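Me: I'd like to go through this model and ask what stands behind each label. Can we start once it's on screen?

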Amino acid sequence: MKSQGRTLGIGLLFLISNQGLVLAGDLEKAPPGFSHQGGKAVFADFSHVGLSLRFDALNGKAQARAVIEFEVGEEGMPLFDMIPDAQTVILDGNTLDPASVTSVKDPHKQSTLRLLGVNVEPQRRHTLEMTYDLSSQVSFSQGTVSAGFFMSDLSDREYFEQFAPTNYEYDQYSQSIGVEITGTDKRHEIFANGQVEELAFNKWTVNFPAYYTSSSFYFHLVKEGRFVVSRSSYAGLEGEIPLTVYSISQSNVANGMQRLKRYMAELEGTYGAFAHPSFTAYITDGGGGMEYCGATVTSLSALGHETTHSWFARGVMPANGNAGWIDEAIASWRDNNYPRGSGPSRTLRMLGGFSPYKRYTTMDAYGYGADLISDFDGWVARSNDAGMKGVLRDLFAQFKRQTITVPMFQSHMERALGQSLQAFFDKYIYGRSSSAPVSSASPGWDVNWSRHPRPFTKEELKKII
Ligand SMILES: [Zn+2]
């Protein structure tokens with residue numbers, strides 16, 4: 001269960017599903033559990049992860065220990081994800097064979113997950129403790145450590161599961177990371193979208209807010225002085241927002257900070273007060289681009305797009321891969337300078353009707369998706385001059401720091417337009433049209449990548465760590 005419910009005073013939300021199961025909080029938005037080797041694999045609801053990272057600069061080793069507090073909604077074997085293999089596993093104080101954590105495919109073969117092959121009781125707090133080696137994700141060189149936990153939302157298994165146990169994006173939970181570097185006298189520093197506290201030389205804790213999901217966390221550990229860093233603040237609508245901009249070049253940092261303040265003013269003016277504790281931007285020399293909650297890795301040219309994602313993508317957050325198109329469509333509509341459309345008449349594509357086990361966003365979100373938002377704008381403008389900007393401002397006010405699904409977005413649009421949009425969503429978003437076939441061109445065929453730099457590949461990301 002997410003603690004955000006408590007913060008907002010909503011309390012626990014219990015829902016009775018078709019099967020008569022009682023699901024709490026985040027699990028309402030989880031993909032369905034499934035049968036596995038005579039048992040049932042069930043999605044879990046993390047409430048907290050305590051992660052400890054120890055970097056041995058002398059021997060080039062990174063060792064991690066994770067303690068996960070979680071619940072399940074029904075009895076079964078818990079599903080989660082973590083790409084590194086567990087070396088030790090302890091469940092509720094009982095040591096298990098590390099081989100009890102296996103890799104499984106979902107029933108639609110969309111992704112691979114981790115399964116703990118032990119049945120656990122529902123509606124009870126469990127603690128899973130695992131240790132694992134993280135050395136391959138870290139660069140060591142002459143007494144320095146570089147660890148950039150960078151992500152992508154355009155391919156499978158590229159969220160925080162690369163570095164630590166986490167879940168599909170429906171799950172909001174708090175996380176603390178303890179960091180210690182040994183075997184070097186070189187001072188290091190951490191850029192993160194959490195609260196960083198230095199405890200001793202090369203020793204920190206980083207605490208992240210309870211509304212974060214697997215695609216939210218930003219963590220970058222480097223030798224102090226590796227980057228040019230500028231720190232400032234922006235007088236936001238709800239208080240001072242600390243800003244950090246860093247890069248290998250002074251000009252990127254100066255330009256980045258200047259532009260960031262301009263985008264803050266623009267986006268707060270259009271959509272409402274910034275939703276996160278701070279903003280951190282790592283400006284690359286070109287290419288790349290990925291958003292986090294109040295953070296980004298980006299070229300200067302895409303900084304406006306990526307900053308928009310702190311409102312849509314990491315402000316109002318997708319609960320799953322099917323909802324990922326919404327924020328890319330909105331951010332691209334903004335990049336295009338908010339054109340007002342006159343109604344859909346185009347080749348049909350599928351934006352949000354994929355398997356619930358697919359985690360990432362279709363590349364059709366940028367072109368086809370942005371065109372749909374501009375059509376919605378024309379539609380809303382017939383009765384309300386504010387058009388889609390006003391509808392999105394309301395969406396942000398209602399769902400910031402929460403996750404949304406496509407049906408939730410559909411309901412929001414139906415309230416704004418005062419009519420059912422089921423037939424519209426079936427045709428233009430879910431790809432369930434009976435009259436015209438959905439185009440089979442590769443996703444993203446219509447994206448102008450010169451306006452929207454594609455994300456870095458894993459190999460390219462290694463170079464900027
Ligand atoms: Zn984007």
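Predicted model: local features only at pLDDT ≥ 70, side-chain atom pairs only at ≥ 80, totals over all residues.

Me: What makes I248 buried or exposed?

Reply: Buried means under 20% relative accessible area, exposed over 50%, and partly exposed in between (1.4 Å probe, protein chains only). I248 has 54%, so it counts as exposed.

Me: Which residues does I248 touch?

Reply: Contact means heavy atoms within 4.5 Å. Not counting residues up to four places away in sequence, I248 touches F227, V228 and D285.

Me: And why is T362 called buried?

Reply: Its relative accessibility is 4%, so T362 falls in the buried class. T362 is in the loop between α4 and α5, and, leaving aside neighbours within four places in sequence, is in contact with M350, L351, F354 and P443.

Me: How do you know which atoms are donors of the zinc ion?

Reply: Donors are N, O and S atoms within 2.8 Å of the metal (3.2 Å for Na, K and Ca); water is not among the atoms, so sites may look incomplete. Here the protein donors are H305 (NE2), H309 (NE2), E328 (OE) and E328 (OE), lying 2.0 to 2.6 Å from the zinc ion. Along the chain they follow the spacing H-x3-H-x18-E.

Me: Why is the arrangement around the zinc ion called irregular?

Reply: Four donors count as tetrahedral if all angles lie between 85 and 135 degrees; four count as square planar and six as octahedral if opposite donors are over 155 degrees apart and all others between 65 and 115; anything else is irregular. The 4 donor atoms subtend angles of 54 to 158 degrees, so the arrangement is irregular.

Me: What does the pair H309 and E328 tie together?

Reply: H309 lies in the loop between α3 (303-308) and β24 (316-318), and E328 in helix α4 (residues 324-335), so the pair ties together parts that are 19 residues apart in sequence. Helices (H or I, at least four residues) and strands (E, at least two) are DSSP runs, numbered from the N terminus. H309 and E328 are both buried.

Me: How do you know that the span of α6 agrees with what it should be?

Reply: The expected span of a helix is 1.5 Å times one less than its number of residues. For the 13 residues of α6 (residues 387-399) that should be 18 Å, and the end C-alpha atoms are 19 Å apart, which agrees. α5, with 14 residues, reaches 20 Å from its first C-alpha to its last, close to the 20 Å expected.

Me: What makes α5 largely enclosed?

Reply: 13 of its 14 residues are buried, so α5 is largely enclosed by the rest of the structure.

Key:
Residues numbered from 1 in each chain as written. Heavy atoms only, no water.
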